[in-house]
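Subject: Structure handover, aromatic contacts

Hello,

Here is the structure for your files.

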Amino acid sequence: MEPKWRPQEFEEAAELLSADPGASTLSMSASDTTSTAAGGGGGGEDVKLDLSEDEEGQEESSELLGGQKPTGGFWTFEYYQSFFNVDTVQVLDRVKGSVMPLPGRNFIKHYLRSNPDLYGPFWICVTLVFSVAISGNLSTFLSEMGNPVYHYRPQFHRVTIAAVVIFMYAWLVPIGLWGFLTWRQGAERQIGGYSFLETVCVYGYSLFIYIPTSVLWIIPFEWLRWTLILVAMVISGSVLVLTFWPVVRDDTKVMAVATVATIVVLHTLLAVGCKMYFFQTAAHIPTPVPTTPPTYTALVT
Amino acid sequence: MADEASRPFAGLSEVSIPEDVPVEGDISVPVGPSRRDDEFSTLDEPVKETVLRDLRAVGTKFVHVLYPKRSSALLRDWDLWGPLLLCVTLALLLQGGAADSDDQGGPQFAEVFVIVWFGSIIITLNSKLLGGTISFFQSLCVLGYCIMPLTVAMVVCRIVLIGGSGTVSFAVRLVVVTASFGWSTFASTAFLADSQPPNRKALVVYPVFLFYFVIGWMILTFSPSQ
């Protein structure tokens, strides 16, 4: 008869694990942890302690964080501090992983390891907002340099627009995707889906490649811009696809392909939309509305 | 309980005070020089003195920003007058640019305010969430005061722009803004770095760098109306 874990012991063990996520753990649940079938889902009472790389279900009480029990309620400061529990080295490591996706390396399983953070997604989004707005402004200036009529304008409203678009993408799409995947898993609890925070995290880090891309877009050659956007989309999209494919492939073929296709299409829309709006070629720049009325009307009278 | 109470005063039971000896003395507390945290003494001073004292405090902090060294003066006696003054000055100087009413122009007054204050708040929250030991208002104080080199650069830029807005003026402005941006980042890092855990210093410094970079960008791209 195996011992039952009390919640207090689980909390201590979870804290130990959160300090060292790579530590080996001993699973005390009744079901066989190595099996990937749905058999393990029946034991709702047995607390599964194995938090290492495992496809199966997660602790019911901490759905949002996927196994890492948050300290305190959502109104305490410590709750949010648990989302920022990363070091410089870890953040750089995750950024590197988002730029170099290797097949077989699931970003969430390999780099996040049950320690998703909000630092990376938030500051990558902020940096991307400013890099897109500033680079767009610079590219407009460079493309209009020879034009004697053109007068340089800072176009500061672009920052607001970029911020709205990018933050909406980085938060609403993961919410939608996570909700959809959780709904598809439904009551079966076959393959453990990703927690909400992990989804937001992987989307945030996948946007990193667009920062150097947007800076390079200043160079005013159209073929170069389209090449860059293609490269960035391939890299960024493959990070997302490699992460989400193992979760959806057990669904029906149609749904799996549709889900992955939607992810890719939305990502493409963001990239192309940013390029079209912020990096317009000379022919498309809207001429500023003249503040003084044209003088020819005076001659008509 | 009686002997517990009298144990510290055990020896006093033998002392007897004759009733005809008057007990006299002076119980008044000597009033020292009025200290800032002694509220009662500052109520009577003339207004000029109060204002001058605060101005002197603000001025001392400006000097500390000019020569940043690891002093705790900025942190210990924080105040937000200096940041407010600098923010208003910067926002006012950024007005009058090319066609303000047009949405293609530079930042509006409110946008500068929002960027400076919300930017500082977000950076402070970020450093606290990462485990920093600095308090909320101390961090706001440091970040606000370190905008001073950039405000000075803005004044210099406007003076340079009076002379003309050609390539030479742009080069001069670029040098001035870059130097002051570096100075601001270095000064604020000197004050904030000690309060962070060592393996997360870069995570805290990067948002500060981004913050001053954006402000520097706003200053550099200020173009006068024609």
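Across all chains there are 20 aromatic pairs, where rings of Phe, Tyr and Trp (its six-membered ring) pair if their centres lie within 6.5 Å, and planes under 30 degrees apart count as stacked, over 60 as edge-to-face and the rest as tilted. One of them is edge-to-face: Y277(A) with F278(A), 5.0 Å centre to centre and 90 degrees between the planes. F278(A) is buried, at 3% relative accessibility, while Y277(A) is partly exposed at 34% (buried is under 20% relative accessible area, exposed over 50%, partly exposed in between, with a 1.4 Å probe and protein chains only).

This is a predicted model, in which local features need pLDDT of at least 70, side-chain atom pairs count only at pLDDT 80 or more, and totals for chains, interfaces and linings use all residues. Residues are numbered from 1 along each chain as its sequence is written, chains are lettered from A and ligands numbered from 1 in the order written, and side-chain values use heavy atoms, without hydrogens and water.

In chain B, F209(B) and F213(B) are stacked, with 6.3 Å between centres and 15 degrees between planes. Both sit in helix 10 (residues 201-220), four residues apart, about one turn of the helix; helices are DSSP runs (H or I, at least four residues), numbered from the N terminus. F209(B) is partly exposed at 36% relative accessibility, and so is F213(B) at 35%. Together with F181(B) and Y206(B), these two form one aromatic cluster.

Regards

Methods. Helix = DSSP H or I, 4+ residues; strand = E, 2+ residues; numbered from the N terminus.
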